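User: Hi! I am new to protein structures and would like to learn how to read one. Could you take me through it step by step?

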Amino acid sequence: MAHWKATWRASQEWSEWKGTKWERSEKRLTVPPRFQKELQVHLSRSSSIDSNDNLNTSIAETHTVASGPSAAHVNEVQSRIKEILSKCSSGVWVSKMPQIYREMYWEELSTAVLRQLENWPHVCTVEKVHRGDQMDGLLYPAKKIPPIAKSDTEQEKAPENVTSSKVDPLLKPNIETRPGSLSSDFKQKVVNILLKYSSGLWANALPKLYQDTYQVKFPEDVLNNLELLSDVCVVDYVSEVPRKAILYAKPQRRIDENLNVTEKVQRHDDVKASAEQQCEESKDQYPENITVPPLIIPSEGSVSVMVLELKNTNEVLIRYVGNNYSSAQEQMEDDMKAYYSQNSTASLAQSLSVGQLVAIHAEEDAWLRARIISLEDNRIKVCYVDHGFSEFVESNSVYKLQKQFNSLPFQAAKCKLAGLEVFCDDPVLVKTVESQTCSKILAVEILEKSDIPLLILYDTSGEDDININAICLKALYDKSLALHLQVDALYTNVRVTSVFSDGSLYCQVPSKGLSRLSEILQKLEDYFHYKQTSDFNVSLPFCGKICLFPSKGKWARVEIRIIHTRRALDVQFMDTGTVATVKVSELREIPPQFLREVIAIPPQAIKCCLADLPPNTGMWTPDAVLWLRDTVMNCPEFSMKVVKQDDSKGIAHVYLFAPENFPDMDHSVNRQIKNADLWKHQKDVFLSVTPSGTSSTKVTSDAVSAQQLTSGKLEKSVSDSAREPSSAVSTIDMPPPLPLSKTGELMDVYVSVACHPGHFIVQPWKELHNLEALMEEMILYYSRAEEKPVNIEKNKLYAAKIENQWYRVIIKGILRNGFLSVYELDYGKHEFVSIEKVQPLMDTFRKLPFQAITAQLAGVKSQQWSEEASIVFRNLVEKKPLVAQIQAVNESTNSWDRKIVTFLVDTSLPDTDIWIHDFVSQSLVEFSKDD
């Protein structure tokens, strides 16, 4: 676990540094005019700091290699490895080094070099680590002797290696550091950070946390001598690498004692103020003595955010919207305004220091919490901890922050946008995200909870929800590879790739983009030929993610559209338009070195519809769709004429021609399908049904097929239905009944539906995983299976697609408008579904007992339940796991018709169990009093 945390930190450092190195010069950020100057100063400082990050070089670097590549080449490779490690001080996995090296220098790193790393102690330190069943290694910068341990001779040599005048003063190490020379204020700040990490904090993660928290650079030389902190924290070294240690906060009493010792040392060092005075000043200056609680990421209900600032997509500054977040902040700021404007005892802050929390009297008479981040020439720069922006303020607007305003966590928080991590600093991407999120409250899907959570943002202000992450990724498309159809233009060698039930279709037109796509997919094919593709399994699928899927022996680009379960999801093939349900295990990540190339190519499938057909002709019938599908999918290529481009819907109206008929309009596919007898719709008819006892293998005039019902062709002979595939008729009539607990015994259940105490549905808790597995298998099977004509009969079992899921249902009624009334046998719901969404229930899906159990609450009198009582009961039990104690079972011939009478108990509270019937009874008494 420790090595995993270290690697995670290392990958963060690498990602941030890599983006900065390549894209910083192009980054643009829209900020208010009064902040632009400060932004430029910040960026110029960052650039100067980066340019001086690694000035130290080793004398041992000039060693030669006896054989193999030239000494000059080896020295260059060593120098590059040292450069990488200097930016990833938390360590890099040996197995990941070739990838990082390739991305940075556009050259391959030889495996022979990897084997030599252990023999290059002047370049790096190698620590061998077990990863599962395999041995790997962590690379760290070459070991350095802590300054306090240097001999006189070494100190005399030091100037030969480092020219101090060239080192940035902000980064120049303090080689005079002694154990007693760190201030108590600095140590207290370190302690405040460590107290938030009860399970320990990696030492190399401390500088960034310190700088993020206090807006002050952490003295790097402290990491080379962690014993300087040993009086306030426990230092647990986990390897020979000096910085490879975990820090734990000591008990508070011992910390205070050690800080007092530090004060005594400072008195002996001729510090002018006494230790007692300094301690008092520290308490006055730093409200950090009152710990501000950390911000808790929302975990329940819908989550909304507002984007405050955007540096890159890996560091998006947001504020959560809700009662415990933005509303609580607004209330606190109202309370601050009332306090400071009415309380004459409120005083200006004295003895200001960087890192101090203060209250600012801002514009428009607002009072805001802020932290001082710089004091330059009597100018005070503050960062507003709840709003995320910074500005200079006058000293007469800076007040002491009272303790009652420290109970609310700082509201400005960072997040990362999923799917955009690799391109986080791309200026086009950043600008697009900024334009999509500006001045909007956005819905959020939280994929990973961490210090910087991974999010998907959604704009729900319009008719359709917009996945902002997915939309912004399209900003990276290479526009020169996009195909723009021209009205009245003629295209040849067109391939129709998919046809949908509304008559729309997707086409591929020969283009520069299609040729480029073929090239990159061939590169991927060659790459995976020598790789274990399982190494690229998708571990975190989410809507809008682009990945690879093996199709017809080749790799295809797909975008995830709907996630059904942990194993099954819907994808759309970006270059054919086809929508399919696939297993998560079949998807593959795009290898990093190909990611930008793959993303840059716009989708090569163009959505079209046949001109001069529906809506003028009427709605598409199944017969018309099947005719079109057979006609265009069995022909390798067509010619196409564009007659209209509907940009609002992203669809082109076209005429399609077989090659031999081009350009004869009378022989176009449009005219052929229009003239065919495929568009007649039968008026609504009343359909009688067979009794429930009739065998499903018996075909009578009362049993109607789905094709007959939807197309209106009732004149088809009965023998047509009799020739249905044998798989449509089940050999297993019913699954076994669900076993129940004995009367009086306890049973864990989940309440899926609750109407009122007299009628609700429970499912056995221990069988939910089996039901979930069944649902996944049904999704995968029916999404790929060819649609079969279905013989519809009342009181018979079928599979029905309802809201993108497939359910086991029984037909309760056949309606006049082509819809069916069905009952979900595993969830206890009644639904209406189009007959087109019904398929035979296969034998393999008839083995698990039906999971829905109809129930009535014991302990209360049966009555006509009021709306108020029903709502109270529903809120108590629906969608919750409870414990049932069955009192009686009313058996029935059909398992879905049996009913139980049961007590329900909520055991979620730690100290008490809630018997639902007692609560309902009490509520009834209260309602009667109100009446």
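Analyst: Let us begin with burial: a residue is buried under 20% relative accessible area, exposed over 50%, and partly exposed in between, using a 1.4 Å probe and protein chains only. In this chain of 931 residues, 46% are buried. Please keep in mind that this is a predicted model: local features need pLDDT of at least 70, side-chain atom pairs count only at pLDDT 80 or more, and totals for chains, interfaces and linings use all residues. Residues are numbered from 1 along each chain as its sequence is written, and side-chain values use heavy atoms, with hydrogens and water left out.

User: What is the accessible surface of the chain?

Analyst: Such areas come from the Shrake-Rupley method with a 1.4 Å probe; for residues, only the protein chains shown count as cover. Here the total is about 48,400 Å², and carbon and sulfur atoms hold 50% of that surface.

User: How many helices and strands does the chain have?

Analyst: Both are DSSP runs numbered from the N terminus: helices are H or I with at least four residues, strands are E with at least two. The chain has 22 helices and 39 strands.

User: Which residues of helix α11 are buried?

Analyst: Start with its length. The expected span of a helix is 1.5 Å times one less than its number of residues. Helix α11 (residues 326-342) has 17 residues and spans 24 Å from first to last C-alpha, close to the expected 24 Å. Its buried residues are Ser-326, Gln-329, Met-332, Glu-333, Met-336, Tyr-339 and Tyr-340. They lie on the same side of α11, because their arc around the axis is only 140°; the arc is that of the directions from the helix axis to the C-beta atoms.

User: What covers the buried residues of α11?

Analyst: For this we need contact, which means heavy atoms within 4.5 Å. The cover includes the strands β8 (316-321), β9 (357-361), β10 (367-376) and β13 (398-400).

User: How many residues of helix α4 are buried?

Analyst: Helix α4 (residues 97-105) is mostly covered, with seven of its nine residues buried. Among them are Met-97, Ile-100 and Tyr-105.

User: How does strand β10 pair with β9 and β11?

Analyst: Two strands pair if DSSP finds at least two bridges between them. β9 and β10 are antiparallel and share five bridges, with Ala-359 partnered by Arg-369 in β10. Five residues separate the two strands of this hairpin, and Glu-364 in the turn has a positive phi of about 60°. On to β11 (residues 379-384): six bridges join this strand to β10, again antiparallel, and Arg-371 faces Cys-383 in β11. The hairpin of β10 and β11 has two residues between the strands, where Asp-377 takes a positive phi near 50°. Eight of the 10 residues of β10 are buried, so the rest of the structure largely encloses this strand.

User: Which strands pair with β24?

Analyst: Strand β19 (residues 505-508) pairs with β24 in the antiparallel sense over three bridges; Leu-505 has Cys-608 in β24 as its bridge partner. Strand β26 (residues 651-657) runs parallel to β24 and is also joined by three bridges, with Leu-610 opposite Val-654 in β26. Four of the five residues of β24 (residues 606-610) are buried, so this strand too is largely enclosed by the rest of the structure.

User: What is in the largest nonpolar core?

Analyst: In soluble globular proteins, nonpolar side chains tend to be buried together. A nonpolar core is a set of buried Ala, Val, Leu, Ile, Met, Phe, Trp, Tyr and Cys residues joined through side-chain atoms within 4.5 Å. The largest one here has 45 residues, and Ile-318, Tyr-320 and Leu-457 have the most contacts inside it. Helix α14 (residues 512-529) gives the largest share of this core, seven residues. A second, separate core has 34 residues, including Ile-811 and Phe-850.

User: Is Glu-118 buried or exposed?

Analyst: Glu-118 is exposed, at 52% relative accessible area. This residue sits in the loop between α5 (111-116) and β2 (124-131). Leaving out residues up to four places away in sequence, Glu-118 touches Val-126 and Lys-128.
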